[in-house]
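Hi everyone, thanks for making time.

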Amino acid sequence: MPLLPFEEINPSAPADSAVIWLHGLGADGHDFAPIVPELKLPSSLATRFIFPHAPSLPVTVNGGMVMPAWYDILDINIDRKVDVAQLTASAEAVQALIQQEVDRGIDTRRIVLAGFSQGGAVAYHAALSFDKPLAGLLAMSTYFATADTLTPHPSNAELPVLIQHGDHDPIVPEQLGRNAHSRLTAMGYTPEYQVYPMPHSVHPQQVQAISQWLQAVLS
């Protein structure tokens, strides 16, 4: 299977850590690339950023319109009914990108998965089911779509997880973020949960918190 296409931002020194960051529905890999300089990470981290592009799919809730999507969303409701098979396939494609970084010399324990909205749902699945330990999972304005079907891999039983959500998100209600926190806690994880005064977007204070968290999990 060919790798997902992606945008790549490399550090000035040879990379020894990596962040694979998944965009939301209808966006592409360029969407979060501008956040890299805003993170102001120290050069000592030598972190490579990978921003994959989702394939284009018809999305049921948008009248079957074809757009960049990690999976089809079948119904607009609090439980976010989704195409689990497509979500799982996207998670496996992301795991192939993790393996690419390993093949380029990056230890899995220095690789973070991040995802916004729909990309976050894929990141949950890809990180928790991966068979080698990762550095962390960043879940932004998203939901744990496969909580009822996913069997987490023991290798990531102690995975650091940071969940961030807006307190007036009209697209992915904040309750879904809290539900993910509860499900992860029940599974034995110790996720951190942060709320920001924003809709379905990114807050400047959130960017600072992400920088601090990345420095902690990659140090």
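Let's start at Ser117, which is buried, with a relative accessible area of 7%. One thing to keep in mind throughout is that this is a predicted model. Ser117 sits in the loop between β6 and α3, and its phi is positive, about 55 degrees, even though it is not a glycine.

Is Ser141 buried or exposed? It's buried, with a relative accessible area of 0%.

Okay, on to the helix itself. Gln118 belongs to α3, which covers residues 118-128. With a relative accessible area of 1%, Gln118 counts as buried, since the cut-off for that is under 20%. So what does Gln118 touch, leaving out residues up to four places away in sequence? The list is His23, Gly24, Leu25, Ala69, Trp70, Tyr71 and Ile73. Look at Tyr71 in particular: its backbone oxygen is 2.7 Å from a polar atom of the Gln118 side chain.

Now zoom out to the whole of α3. Eleven of its eleven residues are buried, so the helix is largely enclosed by the rest of the structure. Among those buried residues are Tyr124, His125 and Leu128. And what covers them? The cover includes the strands β2 (17-22), β6 (111-116), β7 (136-140) and β8 (161-166), along with the helices α2 (84-103) and α4 (174-186).

Last topic: salt bridges. The count comes to nine, and I'll show you a few. Arg178 is partly exposed at 39% relative accessible area, while Glu174 is buried at 15%.

Next, Asp107 and Arg109 meet in a salt bridge at 2.9 Å, N to O. Asp107 is partly exposed, at 32%, and Arg109 is exposed, at 54%. Then Lys132 and Asp131 form one at 3.5 Å, and here Lys132 is partly exposed at 35%, as is Asp131 at 41%.

And finally, there's a network of salt bridges linking Glu8, Arg48, Glu101 and Arg104. Thanks, that's my tour!

Methods. Residues numbered from 1 in each chain as written. Predicted model: local features only at pLDDT ≥ 70, side-chain atom pairs only at ≥ 80, totals over all residues. Heavy atoms only, no water. Helix = DSSP H or I, 4+ residues; strand = E, 2+ residues; numbered from the N terminus. Buried < 20%, exposed > 50% of the residue type's maximum accessible area, 1.4 Å probe, protein only. Polar contact = N/O pair within 3.5 Å; in protein donor to acceptor, adjacent residues only side chain to side chain. Contact = heavy atoms within 4.5 Å. Salt bridge = Lys/Arg side-chain N within 4 Å of Asp/Glu carboxyl O.
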